Amino acid sequence: MNKDKFLIKGLNGKRSLKGSVVVGGAKNAALKLMAAAVLFKDKVELKNVPEIEDIKRMADLFEDMGIRVEKTAEHSYTLTAPSKCKTKFSSDISKHIRASIVLTGPVLARFGKVSFPHPGGCVIGKRPIDLFVDGFEKMGARVKVEDDSYVIEAEEGKLMGATIFLRNQSVTATETFMMAGVLATGETVIKNAPIEPEVEHLANFLIAGGAKIKGVGTTTVTIKGGSLLSAKGRSHPVMPDRIEAGSFLILGALTSQELEIKKCNPEHLEALTEALRYSGVKMEIGKNSIKVFGGVPSMRFKSVDIKTHEYPGFPTDLQAPMTVFLTQANGESMVFETIFEGRLNYSESLVRMGADIKMMDPHRIIVKGPSALHGKILESPDLRAGLAFVIASIIAEGDSVIHNVYNIDRGYENIEKRLQDIGVEIERVSEK
Ligand code: EPU
């Protein structure tokens, strides 16, 4: 893990950034396609994989288990699962990556056993795994806790199809059970499933390999268990990252005269583009790109209330960057974080920068704008709030230092280079 920091020179309200930014492959889709490789009897090839720290950690975890990961070119990887592999996750690696939890489904379904510590990742509230434990038990597995690790074993080495109603619409739990169901005996039905585009992307990837899945894109997904999947030599591109695209859009609205966000899927961003449009941001929405026009600095945006919600509602992963936007909008906006508790704590740092934000309770803040922000020394608490700090530092007056850049590198590839290309004065300093 690097100990780098960013030095950012603020624009002091100027709207001078211009050019275009190309959006990379989606972290939260790529990690799941990697996990799905365990369900294939042959080599899986993925393209448009973002070169980010979370992907590297997942690859480290795979290598440790004996699953072969090869980088064939920039953004291209092949993965080959052996007929036998280690079923115990390295605690050193998996504690750094929450998404390692999705690997439990395919490993348990294929090898009959899996053990893992409580998964790590971003510090955004409790992040329990009760839905996973419950669902695996419904599929006939025994769950034990031994020396701080969960040990899960399928009855006679084979999972049984089951009906799993998710008390909470969990993205990773749905993806995990969908993958487990591919090799389970009989039918697995996931009810109250979230319909995030990344879930659909994984389902379509599994279907292309021969899985029998119905109800993709709906809240009831049915998987008919069968045999190992086959990639048949085809390669699969990872879908564009909607959170990265959305973050650039917010940055463009605040700091550019014109910025083009390329290689994105605007259909996945409607909750954000609708909020920005209401607020007064001018955009030209194309098929695979969005042009955003920030306008003149004196132009004020209108306040708008935000409530995070499962897709197609406002994504929790864009909540922090949107709050930075709202510090510049005229009037009072309420931000209601409904998915994770503890995901508004970063707002204290925005207050230190000069924002007028009042915490009502752990789930709600009131943002009063516009406020001039001032450069400060900041620490990135998680990857999305980390990027929000980058945006806040860019619009601020003066210099900012952002520590713990590793948290930003977890999800955004070479962010400083892409920002420099559109005119941001940002520099990475490596701390030994
Ligand atoms: N939940 C439970 N029990 C569980 C699992 C989840 O109560 O066993 C609750 C959570 O506490 C939360 C709700 O269910 O209140 C939804 O959480 P979900 O499980 O959907 O979140 P996740 O699958 O852990 C994924 C993304 C997150 C993104 C959320 C919501 C990945 C690897 N992560 O997390 O992305 O915020 O869905 O869309 O896909 C990020 O990329 O920065 C990130 C945090």
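Visitor: The axes of α1 and helix α7 (residues 197–208) come within 9 Å and cross at roughly 30 degrees. Why are α1 and α7 called roughly parallel to each other?

Guide: The model shown here is a predicted one. Angles under 35 degrees count as roughly parallel. The axes of α1 and α7 cross at roughly 30 degrees, and the two helices are therefore roughly parallel to each other.

Visitor: Which residues of α1 and α7 meet?

Guide: From α1 come N28, A29, K32, L33 and A36, and they meet E198, H201, L202, F205 and L206 of α7. By class, the residues of this contact comprise six nonpolar, two polar and two charged.

Visitor: In which sense, left-handed or right-handed, does α1 pass α7?

Guide: The crossing of α1 with α7 is right-handed.

Visitor: What makes α10 roughly parallel to α12?

Guide: Helix α10 (residues 319–326) and helix α12 (residues 383–395) have axes that come within 7 Å and cross at roughly 25 degrees. The cut-off for the term is an angle under 35 degrees, so α10 is roughly parallel to α12. The crossing of α10 past α12 is right-handed.

Visitor: Which residues make the contact of α10 with α12?

Guide: A320, P321 and V324 take part from α10, and R384, A385, A388, I391, A392 and I395 from α12. The contact divides into eight nonpolar residues, no polar ones and one charged.

Visitor: How do you know which helix gives the most to the lining of the largest pocket?

Guide: Several helices each supply at least two lining residues, namely α1 (27–36), α5 (130–138), α6 (171–182), α8 (242–255) and α12. With four residues, α1 gives the most. The lining consists of 42 residues, and R127, V171, T172, I339 and F340 lie nearest the centre of the pocket. Its classes are 16 nonpolar, eight polar and 18 charged. The volume of this pocket is about 1000 Å³.

Visitor: What lines the second largest pocket?

Guide: There are 16 lining residues, among which V22, G24, H75, E413 and R418 lie nearest the centre. Both β2 (17–22) and α14 (415–421) supply at least two residues of this lining. The classes in the lining are five nonpolar, six polar and five charged, and the second largest pocket has a volume of about 260 Å³.

Visitor: How many cavities of 30 Å³ or more come into the count?

Guide: The count comes to four. The largest cavity has a volume of about 60 Å³. The name "cavity" applies because a 1.4 Å probe fits at its points but cannot get out.

Visitor: What makes the lining of the largest cavity, by class?

Guide: The residues that line the largest cavity are M178, P194, I195, E196, V199, E200, A203, G215, V216, G217, T218 and V221. They divide into seven nonpolar, three polar and two charged.

Note on methods
Residues are numbered from 1 along each chain as its sequence is written. This is a predicted model: local features need pLDDT of at least 70, side-chain atom pairs count only at pLDDT 80 or more; totals for chains, interfaces and linings use all residues. Side-chain values use heavy atoms; hydrogens and water are left out. Axes are lines fitted to C-alpha atoms, for helices over the stretch in contact, and angles run from 0 to 180 degrees between N-to-C directions. Angles under 35 degrees count as roughly parallel, over 145 as roughly antiparallel, 65 to 115 as roughly perpendicular and the rest as oblique. A crossing is left-handed if the near helix is turned anticlockwise from the far one by less than a right angle, and right-handed if clockwise. Contact means heavy atoms within 4.5 Å. Ala, Val, Leu, Ile, Met, Phe, Trp, Tyr, Cys and Pro count as nonpolar, Asp, Glu, Lys and Arg as charged, and the others, Gly among them, as polar. On a 1 Å grid over the protein atoms alone, a cavity is a set of points where a 1.4 Å probe fits but cannot get out, and a pocket is an open set with protein on both sides within 12 Å along at least five of seven lines; lining residues have an atom within 4 Å of a point. Grid points are joined across faces, edges and corners, and a volume is the space filled by probe spheres set on the points.
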